[in-house]
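Visitor: Could you pick one chain and take me through it closely, then show me how the rest sits around it? I'd like cut-offs along with the numbers.

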Amino acid sequence: MGALVTTASAIGGVGLVCAVALALAARFLGVEEDQRIEEVVDLLPGANCGGCGFAGCADYAKAMVIEGAAINLCAPCGAETLQALSELLGRKAEATEKEVAIVLCGGNATSAPRRSAYNGVADCAAAHAVGGGDKVCQYGCLGYGSCARVCPSGAIELVDGLATVHPDLCIGCGACVRTCPRHLIKMVPATRVVHVLCSSRAKGPVVKKACTVGCIGCSICTKLAEDNAIRMEGPLAVVDYSKQFDHPEIAEKCPGHCIVRHQTPNTEHRASLKEPAGTS
Amino acid sequence: MTDTEEQLYIVSSSPHAHSGDSVRRIMLDVIIALLPACAAAVFFFRIDAARLIATCVAACVATEWLCRKAMGRDSGITDLSAVVTGILLALNLPPSLPTWMAVVGSIVAIAIAKQLFGGIGYNPFNPALVGRAALLISFTGPMTTWSNPATLTAATTAATPLRLLRRYGVYDFTPTMATNAFLGNIGGSLGEASVLALLIGAAWLLWRRWISWHIPVFYVGTVALFALALWLIDPQQNMPPHFHVLTGGLMLGALFMATDMVTSPVTKPGMAIFGVGCGILTMVIRRWGGYPEGTSFAILIMNAFTPLINRATRPRVFGKKRSA
Amino acid sequence: MKLLKAKHKSHGGVHPKYRKNLVQDMAIEEMPLPQLLRVSMAQHLGAPARPVVKKGDTVLRGQLIGEAAGFISAAVHAPTSGTVKAVTPCPTPAGPQAPAIEIEPDGEDRWDPEVEKSAAARDGLIAEFQKSPGAKKDVVLGIIADAGIVGMGGAGFPTHVKLSPPPKKPIDTLIINGAECEPYLSSDNRLMIEHAERIWSGALLVRKVLGAGTLRVAIEENKPEAIAAMEKAAGDFGGEADVAIVVLKTEYPQGAEKQQIYAITGREVPAGGLPMDVGTVVQNVGTTYAVWDAVVNARPLIQRVTSLTGSPVSTPRNVLARVGTSYADMLAFCGGTAGDVAKAISGGPMMGLAQASLDIPTTKTTSGIVLLTPAELSVYGSTPCISCGRCVDGCPMNLMPCELSQMLEAEDYDAAEEYNVLDCIECGCCAFQCPAHRPLVQHIRQGKARIMAKRRAERQAAAKDES
């Protein structure tokens, strides 16, 4: 019994001394930090995606409070959060339109054949560097999942070897845009409906050999889209995303079958959600 | 297009040629190298040796398979590294150890020391030695109960040379005892017994160039020199150097445990430093430490230094000065 | 003629199965003109050449069809007479397409009369050059540049640039690289056996251009016939100062220039530097032959010897073919395939580029086309590194490929830079021996590309800040 009391008081005493020391240290040696930084961090989504251009949410919070960085740089923030930030920091900012990513390619395993069997690091940049990629189409999605792996919200799925973004899951950070070695992914306003799912700059006959759903450069869509919303850039039709438009028959009228009127081309695959491609 | 069949050419980065070696090949060579030691173990310790070796190998392979399945990874047992761990663990055990304890040791070696870190290549410590250390600390009694080999006629429980030294102090290590230690006619763990069998196996690995001479030579050399120095300073309190070289787990440790690729340095100067460090620690533990045998802990401690040693012994890049 | 042994041996190296027996005894055979030649404008290091002909033009053999676009660039010439069918992109061994000129041969193979006219005056020029090399050096360099000669060992660096080092980097040693350390290849070997005098001629010309005192011809031990031929032919050039043949131990990569310079002279090319920094120039045997042909016969570089070999090839050969010949046509000349082909490599198996198809034209640097069967294939996997140390033992640059590849897998580019990844010569000795079959060279290449891109971006940002 005596030993127990001695031990308990000894350990307890040490603990008490340490606690007092820590409290004093926190008081007198503590680093002064603006209270608001922590409050801002709590408001931010915490995805640390880097879309704002800063090194994570804490860094952006500090920049906002101390350096006066714009408060509307965080894409994943909703209007509510922006309002809360505005009130907290006493600054006005316009909400930016919600943007989501879209992969402008429709060449999956069925429509876009491979021209070689790639053996090596299962990363799109790596595959692209070895001999220009293993697909016949020199511009299309290689399907090794680098974008899916870098997406902080798991919004990118590889459906039949083609990267596809689920717009409802996309937080708009832009990490995938920076990752794709063929620059196939674009950030577009979430309300846009018409998309040309092809980025091939090759001429029509070459595209036909490379993919059954590629843009053959016929420019029929440019006439169907009002107000010059689709333009030809060389042999490729490119949508002008600054304009909001729609046309009920534009997808059917496209001879290349590369235009869609919604984000996810292969909706039947959504039912069987596969894991994004793992390691090499 | 390619040739008439619809077969695509394989495209990869260079080089497109390979020496033909594989991890499995390495493990097979190590298993072959351990066969003489296993044969010696069975010869001297009969059914106990067979029982323990079989148990450890089976338990290690099964544990690895189960762990990989639970982690959702490929099974990995075909590279035979679990078999090697099993054999090495068994060779580190006393012949009278109960079977269930050997199973526990195997599970610790594979599940904790290897798979929890990510599997082969990621483990910082030698799995077999971690298994042995865990058993030694958990079941000290059975792990330090030794028997004489079937070839000796004395009582079944006996003391190994190192235990004799620890218990009774310095004694006369006769040439007969030395010969026995070399050939295997001596008490100890399964693998400690026959230095000769271990040397034959190590020669095979050296010839196949899977281990280099640096670690064994620097390790055993340091032990010999350290022991020599102690013995010269005070022959009454210390055993002669050849005693330390021939007894205990030193030869097994220096030839097969310290040379484990994953946990030892990758550069030749680094291997030398590693060997010297193991040698010093082994002798310190034997002479002044709490355990009669220091090899296992010495190697485990040096394993922790391997990344640092690798960093410190980076080779001088062609075309650059030393400091760069 | 002195036969020397290498004085030094650099670290590392491997001994792959050489399999040169498939073609080393096959004399060079010229293949007939194919139906179509696609001459790339980008078959050298530096700026691609600018086409100077257009669709429908008639061209003659040796006529200029692409002019050098800048100092580090090379001219390109028509390999035969015919009609320009198109000026259009064509596939290259590295993958991305490059502009090319498609020529349909007319079968007559008529030389450009300019070539014949120049050839007539060459004897005089060479005599003058021998008498006063300083005065005529620029003329000779001009001839080499106009002939479009580039490094034919594989790098494709414009030769006239290589032979014009700045005055503050004097050259005292010229090494002619006849090592041909890659397995399977034998084109340089056959050139030395069959045209030893011409190679000596070219070598001595280049030595005079550089003003170097020492000339060494490096040949590996496994080419005894070539050594004997070069020895015999050298007898005719007796009297030149400090000329010798160096017999190198057979090992890969003895043909790598930094390692070869060290083996022969003991000098280490500084990291990030060039051979001229240690007063040396290394030139491939094929390039030396081309220099001879250009200076003596006024012929531009329009053809080369390529070893088309491998066990699936019916009749492996050392083919002399015009630049722009399709690999498929060359394979047909060698009897096609007799078995399954798993991989087609442009170059040798250690540093060559795997191809997706044989519908690709040869260039000035195509030293070999190697076909491999499925059984000869080695497949890269993704098993972790087991720290066996084979890669460290084998690296000729003394790097630690195992550490580099793990850093690059983790995308730690700063650590990789600290561990000297930029000094890697991509020889493949590491991956050749890796028991875990890790794609070490691929990791390293990716790392180098990322680091160089980052440096470029930083330089551009810095330049923008300053302006």
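Guide: Let's take chain C, which has 15 helices and 18 strands, where helices (H or I, at least four residues) and strands (E, at least two) are DSSP runs numbered from the N terminus. Bear in mind that this is a predicted model, so local features need pLDDT of at least 70 and side-chain atom pairs count only at pLDDT 80 or more, while totals for chains, interfaces and linings use all residues. For bookkeeping, residues are numbered from 1 along each chain as its sequence is written, and chains are lettered from A and ligands numbered from 1 in the order in which they are written.

How spread out is chain C? Its C-alpha atoms fill a box of roughly 65 × 60 × 50 Å along the principal axes. The radius of gyration is 22 Å, which agrees with the value near 23 Å that a compact globule of 467 residues would have. That radius is taken over C-alpha atoms, and the globule rule is 2.2 Å times the number of residues to the power 0.38.

Now zoom in on a sheet. Four strands of chain C make an open, antiparallel sheet in the order β3-β9-β8-β5. The edges are β3 (37-40) and β5 (58-59) of chain C, each of which pairs on one side only. Pairing takes at least two DSSP bridges between the strands, and β5(C) is joined by two bridges to β8 (82-90) of chain C, running antiparallel. Within that pair, C:Val59 stands opposite C:Gly82 in β8(C).

Next come the neighbours. Towards chain B, 56 residues of chain C are in contact with 34 residues of chain B. On the chain C side, β16 (343-346), β17 (353-355), α14 (429-433) and α15 (440-466) each supply at least two residues. This side of chain C divides into 34 nonpolar, 16 polar and six charged residues. Towards chain A, the contact takes 15 residues from chain C and 12 from chain A. The chain A side has four nonpolar, seven polar and one charged residues.

Chain B itself is assigned domain 1 (23-142) and domain 2 (153-312), with 20 Å between their C-alpha centres. Their contact uses 33 residues of domain 1 of chain B and 28 of domain 2 of chain B. On the domain 1 side, α1, α2 (81-91) and α4 (127-138) of chain B each supply at least two residues, and α1(B) has the largest share, 15 residues. That side divides into 27 nonpolar, four polar and two charged residues.

Helix α1 (23-71) of chain B also comes within 8 Å of α8 (195-207) of chain B, axis to axis, and the two cross at roughly 170 degrees. The axes are lines fitted to C-alpha atoms, for helices over the stretch in contact, with angles from 0 to 180 degrees between N-to-C directions. So α1(B) and α8(B) are roughly antiparallel; angles over 145 degrees get that label, those under 35 are roughly parallel, 65 to 115 roughly perpendicular and the rest oblique. Among the residues that meet are B:Ile32 and B:Leu34 from α1(B) and B:Trp204 and B:Leu205 from α8(B). By class, this contact has 14 nonpolar, one polar and one charged residues.

Lastly, chain A has 10 helices and nine strands. Its radius of gyration is 26 Å, well over the 19 Å that the globule rule gives for 280 residues, so chain A is more spread out than a compact globule. Its C-alpha box is roughly 90 × 50 × 35 Å along the principal axes.

Conventions:
Contact = placed C-beta atoms within 7 Å. Nonpolar A, V, L, I, M, F, W, Y, C, P; charged D, E, K, R; others polar. Domains from an automatic or database assignment.
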